[in-house]
Structure formats: structure tokens, C-alpha cells
Amino acid sequence: MSIIVEKLIKRTVYGNKVSPLIGNPNAKVFMGIRRCGKSTLMRMVANDIKSKDAEANIIYVDLELMSNRHLLNAVSLYDHIKGNLAPGRHNCLFIDEIQDAEEWESVVRSLVKEKCCDIYITGSNSSLLSSEYSTYISGRLNIIRTQPLSLRECMDFRENVAGTRPEASKLLIEYIETGGFPDVWTRLVTKDTAYSMLGDIYAHIVLKDVVQRYKVKNTEVLSKIIEFLCDNIGKNTSPNNIFNKLKAGGDPVSKETVYEYIEYLENAHFVNKVKRYDIKGKKLLESNYKYYFTDIGLKHSLLGYRPGDISDHIENIVYNEMTSRGYKVHIGKIDKGEIDLIGTRMGDKIYVQATYLLSSEETKEREFGNLKAIRDNFPKYVVGMDPVWKSGDHSDGITYRELSEFLMADDW
């Protein structure tokens, strides 16, 4: 089936990542949470290829369609692809949600080895790349980590829909309250409609990528684990904490089940586990992680928007922004204090304390004081929404950045 060329809202950051990879012999994999826009990004690439080469042969397979159910069989999928190749042309293969196909690794491995087509695939589960078979092609894959919209991208989407470009500071509250799933931003909707859409996204992800994929039996416990993670964004926690909480509440669940269910949520890109790093000892610590949601809208879809949790929302959003820019993020331990987020990327490093208001001397000392204890010259920021402080204000070499300006900055 050939893809229909359509007008799409371009996500330039991903276009820039994929453009240098077009035509190389590897399989390009868009990897991320379901409904974050992977399929649209793949169609965007197909459209770009077609616009530059009208003779390119586009083969598009959506494995979620009932009409393609027979292609979930490895041999049928392979035969379908081979039967649609056009000799002498740039053959481009696009497969959506490839993890649904049995032995997909064998199909891709063979196609890569045959060098018969330019391959692009999407996947919603990180375990996609951890199976025994997929390791055979691990050196022939280009992974494009894909996330819901950033604030900058929400600005682009709103401009496309409304015809005028909003101010980042005015759009920020809406972004905090609804998150960045593209479905919510492709049209103008009320907040009630946005939360209804988020509820549908939440249910689809949990049902498809957790309950059905892993045959989860105790869905009530799964929901309680997710709710616990919602209540503890930005707080040190562990599967043991969750197990003890469930046990105290009378839930008959084993510790192994709690570990498994959290791993399923991580595999589905629903939440991200972040380890702590001892800054002075220069080593990772294997206890008391933090968990952040891939999109803060997932929390709101379950609990509703809770204004009192805004500091947690800010920290989660800053974490997502840092990872979307290619930073590897850890939590920092410094003496008895903590650094919310440490990002490292190709030799660069950044330290960030995320907060809402610096309303007291105690809060100011906690946020700035922990950063002052770090003895290196990498950038250190306090990021928040305090109306008294202005972006660029300094205190002992530490820069304050208003949240919207931090998210909109070209670099830090």
C-alpha cells in the first residue's frame, strides 16, 4: 500500500535527526510511547523523500489495521514487502508498530542484509530491542527516540491551527495542564475535551502496551501502582516502597509482581526511572530512584489536574525537555542535599533545580545552596515561575531561568 501524501505539521527537531540517515543501509527506528506522533513523523519522512524523488517507491504497512492482520505472520510480511519492490527505483519501506508482528527481527534482518530497500519502522515498546533475535541486528539500527510535543512544538501546532503564534509564557499554563500529546494540539479544544482525549490515550496505552502485551491479570494493582507513581513524581522512591504501601493497604501482591508491573510501564515508555548519582563519589547509586512520566498529561488523565502539585509538574516537564535534547539525566546527591536533575551530553553537563516559587529564604537556600556546593564550572540553573525573579538573574554564579524561557531556549 502506498502512503497518501498529505500536509503535516512538521516537527523540525526530528526531521533534522532523520535527514542525514535517509538512504543509509540501516533500519531507522522511531521509538517512543504510543500516540506521541511516531506514525506522523514516519509519514513526514515519506513525504519528504517523495518531494525530492517523485519516482521513489513508497511501501507503507500499518500493522494496526485489520486489513493487514495477515501480515503479522513473518513470512506473509516478508513476501508482501518483496512483492511490492520496484526494480531500479528508490524503494522505501515504512512499517508502523512493528512489535505486533511475529519474528519481525528476522524480516528486518533479512531486508537489511539484502539491501533491497530503505527501511523505517516504529515501535512503542523498549523491549522491542532487547530480545535475543533483535540483538542480531543491533548494529544495523538507527534509533530515533521520540517524545510528545515540547513547548516549542506546541507553539508551532497552535500557530498552524489558530493562524497566529502565541506567546510562550501564555501557552505555558495550558502546556502544564494538558501535556504534549499531539492529538490534543492538532485542533482547538476545551480543557474538558482535552482531558477526555487524555483519558482515551491513557486507556489505550495501558490496555495495548501493558495489559494485553504482558497478559496482566491484576489490573487493580497496576492502577494503584500508577497512582502511587503519580503521587510521587520528583520524590525518591523504589518498587519496595510501592510494595510496602500496597501490602499495608491489604493488597495481596508479591514483591516480584510489583517489580514486573513497573518494568512493563517502563517498557511501554509510560514512565522513566531515573537513577541517583553521587556527585562527590562520582558513582551511580542503586537505591531510591525517581520516576517521571513521559508526558505529564498521563498523570492528569488519571487524577485530574492538581494545582498544588505544580512543582512536581515543572520538574517532570524539565526532565522531559532535557531528555528530548539528548541529555542523559540523573538525580544528584551532594553531601546531605540533592540536585533535582543532572544532564550530560557529549562531554557537556548541566545542573538544574526545578521549583515553582522561591517564596521563602529556606526555599531559596535549598535550591541555590545545593548548587553552590558543586565545585565545577558547568552551567547551574534554578528554573521556576516566580514573578519576582527574572530570567538571567544570578546568585553566586547560579542563573535563574523562568520556565517558559528555559524551555524555549536554543541551548543552555
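Trainee: Hi! How many disulfides does a search of the whole structure find?

Mentor: Zero, when the whole structure is searched. Keep in mind that we are looking at a predicted model.

Trainee: What is a disulfide, again?

Mentor: It is a covalent bond between the sulfur atoms of two cysteines.

Trainee: Is Cys116 buried or exposed?

Mentor: Cys116 has 18% relative accessibility, so it counts as buried. The cut-off for buried is under 20%.

Trainee: And Cys117, buried or exposed?

Mentor: Cys117 is buried too, with a relative accessible area of 11%.

Trainee: Let's switch to helices. At what angle do H9 and H11 pack?

Mentor: The angle is about 70°, and the axes are 10 Å apart. H9 covers residues 219-231 and H11 covers residues 255-267. That makes H9 roughly perpendicular to H11.

Trainee: Which residues make the contact?

Mentor: From H9 you have Val221, Leu222, Ile225, Ile226 and Leu229, and from H11 there are Val258, Tyr261, Ile262 and Leu265. Sorted by class, this contact of H9 with H11 has nine nonpolar residues, with no polar and no charged ones.

Trainee: Is that crossing left-handed or right-handed?

Mentor: H9 and H11 cross in a right-handed way.

Trainee: What about H8 and H9, how do their axes cross?

Mentor: H8, residues 191-214, crosses H9 at roughly 120°, and the axes come within 13 Å. That makes H8 oblique to H9. The crossing of H8 and H9 is right-handed.

Trainee: Which residues meet there?

Mentor: On the H8 side, Tyr202, Val206, Val210 and Val211 meet Thr219, Leu222 and Ile226 of H9. By class, that contact has six nonpolar residues, one polar and no charged.

Trainee: Last one: where is His300?

Mentor: His300 sits in helix H12, residues 297-303.

Trainee: Buried or exposed?

Mentor: His300 counts as buried, because its relative accessibility is 2%.

Trainee: Which residues is His300 in contact with?

Mentor: Setting aside neighbours within four places in sequence, His300 is in contact with Ile176, Glu177, Thr178, Tyr195, Tyr305 and His313.

Notes: Residues numbered from 1 in each chain as written. Predicted model: local features only at pLDDT ≥ 70, side-chain atom pairs only at ≥ 80, totals over all residues. Heavy atoms only, no water. Disulfide = S-S within 2.5 Å. Buried < 20%, exposed > 50% of the residue type's maximum accessible area, 1.4 Å probe, protein only. Axes fitted to C-alpha atoms, helices over the stretch in contact; angles between N-to-C directions. Helix = DSSP H or I, 4+ residues; strand = E, 2+ residues; numbered from the N terminus. Parallel < 35°, antiparallel > 145°, perpendicular 65-115°, else oblique. Left-handed = near helix turned anticlockwise from the far one by under 90°. Contact = heavy atoms within 4.5 Å. Nonpolar A, V, L, I, M, F, W, Y, C, P; charged D, E, K, R; others polar.
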